[in-house]
Every structure is written in C-alpha cells, then in structure tokens.
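Please have the sequence and the model open side by side.

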Amino acid sequence: MPKIVTKKVKKVGKKRSADDMAGEDAPVVEKMATNGSVPVAKKSKKLVKKKKVIKPKRVLAKEEPEIPTPKKKVALFEQDGDDDEAEGLDEAADDDFDTFDNDDFSGDSDSSDEDDGDDGLLPVEKKSKKLDQKAAADKRLADEELQLNIADSETYHLPTSDELDSALKTDLNALKGRISDVMQVLGDFKKRKEPGRSRSEYVDVLHKDLCSYYGYNEYLMERFMNLFPIGTELIEFLDANDVQRPVTIRTNTMKTRRGELARALINRGMNVDPAAKWTKVGLVVYDSQVPVGATPEYLAGHYTLQGLNSLLPVMALAPQPNEVVLDMCAAPGGKTGHIAALMKNTGTVFANDASLPRGRAVVGNLHRLGVNNAVVSNLDGRMFPKVYRQGFDRILLDAPCSGTGVIWKDESVKMSRDKIDIQRRWTLQRELILAAIDSIDAKSKTGGYLVYSTCSVLVEENEAVVNYVLKKRHCKLVDTGLEIGVEGFVNFRENRFHPSLKLTRRYYPHVHNIDGFFVAKIKKLSNKKMDEKKEDEGENEAEQGNGGVEA
Ligand SMILES: C[S@@+](CC[C@H](N)C(=O)[O-])C[C@H]1O[C@@H](n2cnc3c(N)ncnc32)[C@H](O)[C@@H]1O
C-alpha cells in the first residue's frame, strides 16, 4: 500500500536547503518531465551547425542584445502608477498590468521605419517582427541557393545505399545540402524525380538523412515526419528542438505583484519584461547579473522559474476559491503553486506525485511560495478513485510523458523514445486519465473539470488519450479558454477522432517559442458508470497496440 504523506503546508518556510531546491530545475525520477521550470544552464550541442533564429510569433525570443540600464528600467516601471495602489495581492489585482503590458519597458527608443504601424505591440514584439523580416530575407536567399543546387539537371539523382553510408553521413554540410535537395524534389515530384524512382524511395533517403543530421532514432523521426508532412515546417521544428527557450518566471501573486517584482529584479541587475500579452504573471528574463534561482526575492517565494507553457494548463483549469482541487502529478510543484494562487490560498489543493524524492521538492517549493491550503501526498495517481472517489471539483493531470516537446532540455529523448517506450507511456496516461475522471465529482457546484496536459507533441500521448476517455466515460471536451495555441487534430493520417478534439490546444517551439505542449479541458457529465458495451469500444481500440494512431 503506498504511503501517504499528509502534510498540511502551513507557513512560509525557512530558507530552502539545496535538497528542497533539487526538484525544481533538475527532475529526479522522470528526466523528460521537466516542463515545470526552465533551467538557466545551456545544453551542449552535438552537431556543429548553423542555428536558426526562432520566430517568436506570440511569445518572446531570447535575442535581446540591448540591456537597458537598471535605473532607466526602474523609472519606466514606476510609471505604472501601481505603487500607491492598495489592492490585494491577487491575480485580479494584477489587472493594472494591462497598461504595464503596453508600456515600453525595454528602454529601447529605436523607432526605425519598420516599426511603422506597430503601435500597440510590445517592444519585444516589434523586435520579433524585425527578426521575422530578417528570417524571411534569409529564407529567400536560401531558396535561391537551393534552386541553384538542382537547376543543372531537372531530375535529381537519388544516392545509392553505398553513397548513403559514405562520408556524406559525417559531412554535415553535404548532408544538409542533400536534405534540402530531396525536399525540393518531393515538393515537385513529377518534374524532379529520377525516372523509375518512387516517392517512398526519396522519403526513405530523407528519413535516414534527417536522423543522421539531427541525431534522432528512426522511430521518433518518423513520428515527426508524420506530424509535419515533409516541408519546411518539419525543419523549423527540428531546428527549434535544438534551441533553448527564453528563461521565464511566474510572479507569485500571493506575495507580490508583477510590477513590484520587476522593479526589485531590475534593481538586482536583471533585464526583465512582461512575457506575453496573454499572461499577467509571467516575466521573461533576457539577461541577469545574478543567478535567477537564488535571489532574495526567489528565496522569499516571490516567483518561480517556470516555462511559459506551464502557465497554460493552470489557466485552463481556472480553479476557484474554496474548491477541492487535485494536482495528480504535481512534482516539483510549479503548477500547484499557481493553482493555490488562483484559489487565493483557500479551499484545498492536493499536490500528489508518485515519486517520493520529487514529492519532497513539492513540500519545499510550496513552503517557499507561502502556500497554506495544500496537502502533499505520495500516491500512484491510479489509486485516487479508491482513495477519494468523486471527491474533487477539479483535477489537473499534467501527465508523465515522452518529453518530445522539450527536447532542448534533454537531448537523450532523441534516441531513447522508441515504439515500446511510447507505448508504455500512453498506456499509463490512459490509466491515469480514467482515474482522474473517476475522481471528479460531476455534481460539483463550481467545477467538475479535468485538464489533461503533456509536454509531448505526439498524437498517441495527446488526442488519442483524450479520445479514449471520451469513449469510456460520460464527459465532453470544452473550450480551454486559452488565447494562443493551434487546434488539436481531429483527423490524423488514417485516424478519425471525435470532432470536439479541435477544442484541444497544441503548442510548438517553432511556432510559439514555448515548449511543445498539449492542453485539453474536459467536463465530467455524470458520476454514473458507462454501459460496458461502450467501454469495450475504447478497449478494443487500445488493444490494437498503436495507441489508436496509425503509423
Ligand atoms: C510532467 S511531470 C509533472 C510536472 C508538474 N506538474 C509541475 O508542473 O511541476 C510528471 C510527474 O508525474 C509523476 N508520475 C509518474 N507516474 C505517476 C503516477 N503513476 N502517479 C502519479 N504521478 C506520477 C512523475 O514523478 C513526475 O513528477
């Protein structure tokens, strides 16, 4: 029987020990499940190649070479006019940052022609626009070069298997050239193909070359090729997987407000800005003269280090004051702290994790953040229907996953995620999502919601898992209420999911400049069991052993 740690977290803790902090940036048990925080450290590069500039469409790029002097930034933050305001330190009180969002906090007075018509954009978004323009110019040049590569002959000679195994494999430039050439051929196949060659022969060459160039196993590369049918988006995605995301922090609104925190951090030598228009608590840290995870403000719990993506499932969950909420896979606790803040430290939030060492990090973090409405437990999430059946108003299931959305944090994902590994993961995810839905009270007066999220981009771990629970339980998908993200798949290759799957949201590093992520919000409709015949339909699909997703 698993041991339950029932610690009511009561007060702001003492200074955190190194042990307490261990879980926050360095996951202990599941290395891939790291979407709770953005480490400051850079990863090492395996391949020596030209890195692409990420195009931040809605979120920030880390390129921000000009660091305004702290003094200048403080003056700008002071114009917020929130110093004398006496609102409580809650999320709603952060509304005054609508004006904050529109101010120029970068200290960048550059007003070049390109900025014309950019009124209303954040400074960083203006910069982002310039980056877009530069990227477009680069792409034009690259396209022209590509044309030159294969203009000599209309058709393209497909390498033999000997050639494939030759020095080309280690010559990254030649490999990249061949990838471009083959992609060009596939884009205009009838005209460019070598007579007698099939499309699949070209796709096979491309597949192998992409594995060699980017360092992936064939299984995972195939999944990505299915996700982004061969074209520039696939390359953009693969390039983005090798680039660090911006360092971002979440303001703990139980202790401070974003403007106040920004001023304090700027005075310590950090260069920060509002992270994005859709969040009133996120700040992006462009640069810092002090360790972001060790300032007095950090130790006092005024903020947590969190990727912007990790704000999204909690925003979708929208926990209400006085509810009973479960964070089923909570460690290291970044999202639990956010849930507690939205509940204004009222009601009860259960922070559970199957890993005891990671659970200890949750206790440390919640103490630091001043959370006093939490119960920390150490259970296998699948046990909850037995422990507290239909006991919760809302549940967040931030499921353990392949981490294919956060490859920049853990490059080992590229080689370790094979068919068996992914199958093991979606099997657990299906068991957890059933347990989660069975632990929700459909009759809750204020809630009855489950949010399912992963830091994976694979359909098997996302849409297919949600589609499975829709078949097995009385529940339906509802709007996440999130401003950004692209729709989840309803049709994916041969698969036909429930049409409501379009209400789910996907996030990609190359599109949103945040970690690859998935969010679904589900409303439980009844506490009654579904009839067995309907349940069997879901079961049969799972038995196919492909996660309901055709290769
Ligand atoms: C994606 S991480 C959670 C991150 C966390 N929500 C946050 O934002 O800080 C997934 C977590 O699931 C936990 N886990 C794995 N299997 C579990 C299970 N069967 N029941 C509960 N937790 C589990 C892992 O220990 C890991 O901490």
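Asp 421 and Arg 417 are both buried, where buried means under 20% relative accessible area, exposed over 50%, and partly exposed in between (1.4 Å probe, protein chains only). Salt bridges with shared partners join Arg 417, Asp 421, Arg 424 and Arg 425 into one network; a salt bridge here is a side-chain nitrogen of Lys or Arg within 4 Å of a carboxyl oxygen of Asp or Glu. By this rule, there are 17 salt bridges.

The model is predicted, so local features need pLDDT of at least 70 and side-chain atom pairs count only at pLDDT 80 or more, while totals for chains, interfaces and linings use all residues. Residues are numbered from 1 along each chain as its sequence is written, and side-chain values use heavy atoms, leaving out hydrogens and water.

**Within the network**
- The side chains of Asp 421 and Arg 417 meet at 3.8 Å, N to O.

**Glu 460 and Arg 223**
- These two side chains form a salt bridge of 2.5 Å, N to O.
- Glu 460 sits in the loop between strand S10 (449-454) and helix H19 (463-472), and Arg 223 in helix H9 (residues 218-227), 237 residues apart; helices (H or I, at least four residues) and strands (E, at least two) are DSSP runs numbered from the N terminus.
- Both Glu 460 and Arg 223 are buried.

**Lys 414 and Asp 242**
- The closest N and O atoms of this salt bridge are 2.8 Å apart.
- Lys 414 lies in helix H17 (residues 413-416) and Asp 242 in the loop between helix H10 (232-240) and strand S2 (247-251), so the pair ties together parts 172 residues apart in sequence.
- Lys 414 is buried at 2% relative accessible area, and Asp 242 is buried at 4% relative accessibility.
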